[in-house]
Amino acid sequence: MNKRIATMAAITTIGLLAGACATSTAPAAEQAPTTGPADLTFWMTGSEDEALVMQKAADLYTRSHPDVKVKVSALSWDDGHAKVLAAATGKSGPDIVSGGLSWGIEFGGLGGMVDLREQGIPEAVKAKTQQGVWESITSRDGAVYGTPLDMTVYLTYYRKDLLEKAEVEPPKTWEELTSAMDRLQDDGVKVPYSMDWGNIDWLQYFNFLRQAGGALYTPDCKPALNSDAGVTALNYWADLYKKYKAPTQTAEVPAALANGVAMVSGGSWQIKAVDTAQPKMKDKWATAPLPAGPAGQGAFIGGRIVGVMSYSKHAAQAADFIKSLYTPEAVKVITDAAASRGVLWISPLTDNIGNLPATPDQIEAIKAAFAAGYGPPNCAGWETSQAEVTKKLQEVIYGKSEAKPALDAAAKIMEQNAG
Amino acid sequence: MATATGGHRKGPRTGSGARRVRRNMTSYVMLLPFLTLFAGFLIWPLLNSLYLSLTKFNGVRPPEFVGLANFERLLQDERFMHALSNTLVYVLAAVVLTSGFALVLALAFRGQGWGDRLMRTIFFLPSVTSTIALFLMWRWIFAAEDYGLANTLAGWFGVDPVAWLATPGLTIPIMVLMATWSGMGYAMVIFVAGVNTIPEEYYEAARIDGATTWQQFKSITLPLLRPVTTYVVVTTMIAAFQVFEAVYIVFRQVSSVGGVLDSGLMIVPYLYDMGFTKFQLGYASAIAWALFLIIFVISMVQLRVGRATREL
């Protein structure tokens, strides 16, 4: 018996020692010649359609750089984060990745992505992009591990017919929104308002927080959402669910409009989707910027970054390809290819917003939203705090907590995760 | 004979081991591919994960040895405790309902006629279907959009749409429903095999003695099915403890890992969240080993209880 125990202990010890060796870090990737041929792999987070759109830009690049081939593959949003982490851990996978705006800071901070300052990309792009987004993708130490690939912003989608019937104008302020919801309910609209992208999540709260004059963090990254503005925003947002019965379970913009919801807060990419998914809604809907709060306009700007994995042997070629994505030719190819597939692609180069394949009023709404938009915070620990902060916000929506204690608890979580 | 063989085996060591190896070489060579895969894909990752559970590791930078700190953190982690309590409630309900319905189905469709075979096949189908496909189907059933079957049916009866996946009180019941629906077919097949091994003579004798159907079930079927029941309960429990897809596919779309208010947060999705969202792979490994210990202890208790009740 003792012999068996000793054998087991020996095997376990050997295993632990071997395990220790197995997870040690390999040296930085050896670089191939910076001007030589290269076969690049690009994991594009998003749909197959979006990957095919990006392949057009890759093909454009290959025409002027015949030695460099770029193969774009789609990576779903659901498991993209885990797959990029697995690639970074295994030091095997794509040369280029795209993903959420915070991913560059996250994976770059782990040592998994290249600081693009070394490749000269930020200088070429920074001045032309929306500044709020640029701040979001820049690490606190100034490193830029991913540059903005595209942008999305919140808009209000509304049913023109239902609003006209209730004699309501698209709301421009919180007061007008409240009054419009009352009028619509009196007019028999069961669900006057719903939220799509980021429903019952910090993303939607972020809009109201900014409109109330609050922020998630102070400029020096101290949690700040438990301010008076934060409480005002949370109470107003929670009332949309509690008092006005905004659905807690998300229906996407096209389905919500078709189901008789009068106003929906959703992402700008849905502009092309409504008529495609719900042809019966044609000419019955329009868009507007989100209503302003006590402190004015405010909307979350999302989107994707694109960057180079640190194990790539072709970092120079990959960075050169990324730089090419900001040329007018590439932007046009991507925007047109996206439009032909029913996707509204908004380049991070703000000068291009006026040329979007959308109606003039939609373009005006998008411009106004971007002008008052903010990207996600670039503070340490925010990415890991999001889910738990969301649960604290939900406690208020579901009547389990008051706004102030919930926000205090959320701030504490953010502080702990800041490390 | 046994003594003689034993004596022969205990003979002079010199050369006997080598001879035995030579004699069994073919078997060892044939076992080698399996052993290589077993060691490479099971033993090695297990030991590596045990090592990682004693480290702070973000997946990219080298692991830093922290001793038992990850396990100490588990005891103070409110979300882990919440996930554990959700998991225990879910496991209890899923195991009882899956085993119960499976037994009822087995008794109802134990025969060899085409009707029974057809019904067994129908109930077994979820077990041979991709779990991803199954859970996507459940997601559509409970969707808020106009294709959501549950709300469409509710609408036919004049009931207002229900936020099925965003109502915390419905999360675990929906998960139990999905687990029972997809798991009872497999357990039914095991029970059918067990029921059909019980000699018909026992029932005949009981009927002659005037036993009712219920008395026959209680005094013959249930006691003789005890080993099968233990097997079904233990395997169903292990699968229930490891629930992941239901949370990840059905509830994650409503609100990050764990669903609304963490009402569906279970141990494995929490482990995934820690490892692949928060890059805390050392802590995630500690959660994995804690789950292993919980399942191991509960399984041992069940097996002991099963053995003890058989000896009564």
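Predicted model: local features only at pLDDT ≥ 70, side-chain atom pairs only at ≥ 80, totals over all residues.
**View 1**

View 1. An unreviewed UniProt entry gives "transmembrane region" for residues 28-47, 88-109, 121-142, 162-181, 228-251 and 281-303 of chain B. Let's pick two of them. Residues 28-47 of chain B are 100% helix and 0% strand in the model, with 24 Å between the C-alpha atoms at the two ends. Residues 281-303 of chain B also come out as 100% helix and 0% strand, and here the end C-alpha atoms are 33 Å apart.

**View 2. Chain B meets chain A.** Now zoom in on where the two chains touch. Chain B puts 31 residues into this contact, and chain A puts in 35. Which elements give two or more residues to the chain B side? They are α3 (25-52) and α14 (267-277) of chain B. The top contributor is α3(B), with five residues. Sort the chain B side by class and you get 20 nonpolar, six polar and five charged residues.

View 3. Domain 1 of chain A is made of 38-152 and 301-374, while domain 2 takes 153-299 and 379-417. Between the C-alpha centres of these two domains there are 27 Å. Where they touch, 21 residues come from domain 1 of chain A and 22 residues from domain 2 of chain A. By class, the domain 1 side holds 13 nonpolar, five polar and three charged residues.

**View 4. Helices α16 and α17 of chain A pack together.** For α16 (residues 382-397) and α17 (residues 403-417) of chain A, the angle is about 170 degrees and the axes are 9 Å apart. Are they roughly parallel or roughly antiparallel? Angles over 145 degrees count as roughly antiparallel, so that is the label for α16(A) and α17(A). Among the residues making the contact are A:Val389 and A:Leu393 of α16(A), along with A:Ala406 and A:Ile413 of α17(A). Taken together, the contact residues are nine nonpolar, three polar and three charged.

**View 5. Helices α2 and α14 of chain A cross.** Here α2 (residues 48-64) and α14 (residues 328-340) of chain A have axes that come within 8 Å and cross at roughly 150 degrees. The pair α2(A) and α14(A) is therefore roughly antiparallel too. As α2(A) passes α14(A), the crossing is right-handed. From α2(A), look for A:Val53, A:Met54, A:Lys56, A:Ala57 and A:Leu60. They meet A:Glu329, A:Ala330, A:Val333, A:Ile334, A:Ala337 and A:Ala338 in α14(A). The residues in this contact split into nine nonpolar, no polar and two charged.

Definitions and conventions
Residues numbered from 1 in each chain as written. Chains lettered and ligands numbered in written order. UniProt positions renumbered as here; feature names shortened; annotations may be inferred. Helix = DSSP H or I, 4+ residues; strand = E, 2+ residues; numbered from the N terminus. Axes fitted to C-alpha atoms, helices over the stretch in contact; angles between N-to-C directions. Parallel < 35°, antiparallel > 145°, perpendicular 65-115°, else oblique. Contact = placed C-beta atoms within 7 Å. Nonpolar A, V, L, I, M, F, W, Y, C, P; charged D, E, K, R; others polar. Domains from an automatic or database assignment. Left-handed = near helix turned anticlockwise from the far one by under 90°.
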